[in-house]
Amino acid sequence: MPICDEFIVALGNSDDDTEKLVRAIDSPKIKIINTVWDETIREGGAVFAAETDKAFAAISPDVDWAFYIRGDECVHEKYLPTIKKKWKII
């Protein structure tokens, strides 16, 4: 969150508490979009590409750049100074 002005969370259909947990963060930076995965295009990662496109389409038009990570990826906070320096977010 410290390096983002906006944080898009694309949530596919699920019956777990993911949305509740994300909303509990209670940040105005978080924008949740609900999506439905097209199970017919799972072959070759096409569904991941389609979901990525949905997330990118939800980014505000005034954004200069995007930092994209999937739900099974993370960025350790020890790298925040490096990211801020690289993208001049200091």
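Where does Asp-26 lie? Here are some notes on that and a few other spots.

1. Asp-26 sits in the loop between α1 (18-24) and β2; helices (H or I, at least four residues) and strands (E, at least two) are DSSP runs, numbered from the N terminus. Its phi is near 55°, a positive value in a residue other than glycine. Most residues other than glycine have a negative phi. Asp-26 is exposed, with a relative accessible area of 67%; buried means under 20% relative accessible area, exposed over 50%, and partly exposed in between (1.4 Å probe, protein chains only).

2. A word on the basis: this is a predicted model, in which local features need pLDDT of at least 70 and side-chain atom pairs count only at pLDDT 80 or more, while totals for chains, interfaces and linings use all residues. Residues are numbered from 1 along each chain as its sequence is written, and side-chain values use heavy atoms, with hydrogens and water left out.

3. Helix α2 (residues 46-57) has twelve residues, which should span 16 Å at 1.5 Å a residue, and its end C-alpha atoms, 17 Å apart, agree with that. The expected span here is 1.5 Å times one less than the number of residues.

4. Which residues of α2 are buried? They are Val-47, Glu-51, Thr-52 and Ala-55. These residues cover an arc of only 140° around the axis, so they are on the same side of α2; the arc is that of the directions from the helix axis to the C-beta atoms. The buried residues of α2 pack against β1 (7-11) and β2 (30-34), where contact means heavy atoms within 4.5 Å. On the face turned away from the buried side you will find the exposed residues Asp-53 and Ala-57.

5. Ala-46, also in helix α2, is partly exposed, with a relative accessible area of 31%. Ala-46 and Gly-71 are 25 residues apart in sequence and 17 Å apart in space, C-alpha to C-alpha.

6. Over in helix α3 (residues 80-86) is Lys-86, which is exposed at a relative accessible area of 59%. From Lys-86 to Val-63 there are 23 residues in sequence and 17 Å in space, C-alpha to C-alpha.
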